[in-house]
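User: Hi! Could you walk me through this model?
Analyst: Happy to. Here it is.
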Amino acid sequence: MLEILYRDEDLIAINKPHGLLVHRSSIASDTSEFALQLLRDQIGQAVYPAHRLDRKTGGVLLFSLNKEMDSLIQQAFANNLIKKEYLAVLRGHPEADAEIDYPLKKENGTLQEALTRFEIVEKTEIDLPFGKFPTSRYTLVKAMPQTGRMHQLRRHFAHIFHPIIGDRPHGCNKQNKLWKETFEHDTMLLHARKIEFNHPRTKEWIEISANLQPEFQRALQILHISAI
């Protein structure tokens, strides 16, 4: 059963597990479970995805319950009227809270403006040898994408040389291998923690939050980072 975080006449939100595709895709023929179909069967009515989360990302995933709301909420996402907040574990220690203003290419090669703000939540260093270093450093950050580009957070953090742990192909393959071999941990540590917006119909301010999935919680325990 999917965890339902919010529901009204028009909208429903779930806490998507890591590894679950939002909907059927030709590029993922290896799976038969999708959030859209699972939720539809769970509540017994049609649902329409309001936005996308990567297969590897967990957290708040919003759906519309009718076609009118589907059009309105997708327009709100397209116009950046939805505030989004993520948690991510990065390799290394960024110096300070920052903005990443770095255009990203679409599949057709067109450049799109892309802006991400992030804040450091907690830095940590654990006794895990890596290369020539006797320890490994990591940082839990809160990330607020100001635009909605494909793999934006993953690509932006890789751009500043602090990739998200567990990310492929944008992350650090050596760190990912280290985590898999040492901790049997293969989850990408990116979580859609919260979305906020004005409800298109009622105009009420809506805040929807999702607790961390178990594998993300286990990673924080490994890193001796306080529960969020």
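Analyst: One definition before we start: buried means under 20% relative accessible area, exposed over 50%, and partly exposed in between, using a 1.4 Å probe and protein chains only. This is a predicted model, where local features need pLDDT of at least 70 and side-chain atom pairs count only at pLDDT 80 or more, while totals for chains, interfaces and linings use all residues. Residues are numbered from 1 along each chain as its sequence is written, and side-chain values use heavy atoms, with hydrogens and water left out.
User: Thanks! How many salt bridges are in the whole structure?
Analyst: The search finds 13. A salt bridge here is a side-chain nitrogen of Lys or Arg within 4 Å of a carboxyl oxygen of Asp or Glu.
User: What does Lys142 pair with?
Analyst: Its partner is Glu119, at 3.4 Å from N to O. The pair links distant parts of the chain, with Lys142 in strand S10 (residues 136–145) and Glu119 in strand S9 (residues 115–126), 23 residues apart. Strands are DSSP runs of E with at least two residues, helices are runs of H or I with at least four, and both are numbered from the N terminus.
User: How far apart are Lys177 and Glu181 in helix H4?
Analyst: They are four residues apart, so about one helical turn separates them. Their closest N and O atoms are 4.0 Å apart, in a salt bridge, and both residues are exposed.
User: What is Lys84 in contact with, then?
Analyst: Leaving aside neighbours within four places in sequence, its contacts (heavy atoms within 4.5 Å) include Phe77, Met144 and Ile195. Lys84 itself is in strand S5 (residues 83–91).
User: Last one: how many helices and strands are there?
Analyst: The chain has five helices and twelve strands.
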